[in-house]
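Welcome! Have a look at the model first.

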Amino acid sequence: SLVGSEMCIRDSINAALLRVRAAAALRAFNVGDYALDIWLADDERMRSLNRTHRGKDRTTDVLSFPYAHEHVTRAFLSPGALPLPTSRADARLGDVFVGIAAARSAAVRVPSGCAADPAGLVPAVCGCYGRLYAAAAPVGVDDACWLLAVHGICHLLGHTHEDVADTAAMIADEDSALRAAEHAIAARGG
C-alpha cells in the first residue's frame, strides 16, 4: 500500500490524494516500478522509531527506511539509473513515516516571514521544508503530510542535507516531485 495507518481516517487525511501524489513523484524520479509505503504515525511511534534507528530520544517529522537493496544509492536520481526490478521483493523502495502531529502543527500555525526549517538547513522558501516551515500561508494537513512524504522519499533515494550542496540537490528534486504531483492532480481533474 502507498499509505498506511488508521490515522488517515481519524485525522481525515485524504489517502487517495496522497497515493496519486506519491505515484507521480516516483515516476518523476524514474522509480515508478518500485513500491513505497507511506505511514502516518503519532508522536509516540515517531519517537520510538527515532530512538531505535537513529539513537535520538525525541519525536521527529519524517523518517525514511530504504529497503536493503544493493542498488539503493543516490545514482537513482539520474534518469534511467535504477534497474527495473526483477522480482516483487526487489521492487520495494522503502518506507516513509510521516509524523502526523508535525503535519497537523504545520497546517495550523501561521508562519511569520521566512523562517528556516527546524534544523536550520533550508533557509529559502523552496523544497519541502521551505514550503512547509517558511510558507507564506498555512498549508492544510493533506499538503503538510505530502510535503513531509516527499522529503522522506528523497531520503530513500539517497539525498541528505548534510551540507549546502546536498541540500540544494535535495531541494531541486523535491521541487521536481512537487511539480509532477501538481500536474498529475490537474490531469485527473483536481
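Rings of Phe, Tyr and Trp (its six-membered ring) pair if their centres lie within 6.5 Å; planes under 30 degrees apart count as stacked, over 60 as edge-to-face and the rest as tilted. This is a predicted model, where local features need pLDDT of at least 70, side-chain atom pairs count only at pLDDT 80 or more, and totals for chains, interfaces and linings use all residues. Residues are numbered from 1 along each chain as its sequence is written, and side-chain values use heavy atoms, leaving out hydrogens and water.

**Exercise 1.** Find how many aromatic pairs the rule gives, and classify them.

*Solution.* Step one: the count comes to 2 aromatic pairs. Step two: the ring centres of Trp39 and Phe97 are 6.3 Å apart with planes at 20 degrees, so this pair is stacked. Trp39 sits in strand β2 (residues 35–41) and Phe97 in strand β4, so the pair ties together parts 58 residues apart in sequence. Step three: Phe65 and Phe97 have ring centres 5.8 Å apart and planes at 80 degrees, so they are edge-to-face. Finally, Trp39, Phe65 and Phe97 form one aromatic cluster.

**Exercise 2.** Decide whether Phe97 is buried or exposed.

*Solution.* Buried means under 20% relative accessible area, exposed over 50%, partly exposed in between (1.4 Å probe, protein chains only). Phe97 has 10%, so Phe97 is buried.

**Exercise 3.** Which residues does Val98 touch, beyond those up to four places away in sequence?

*Solution.* Contact means heavy atoms within 4.5 Å. Val98 touches Ile38, Trp39, Leu40, Ala41, Met46, Asp61, Val62, Cys145, Leu148 and Ala149.

Notes: Helices (H or I, at least four residues) and strands (E, at least two) are DSSP runs, numbered from the N terminus.
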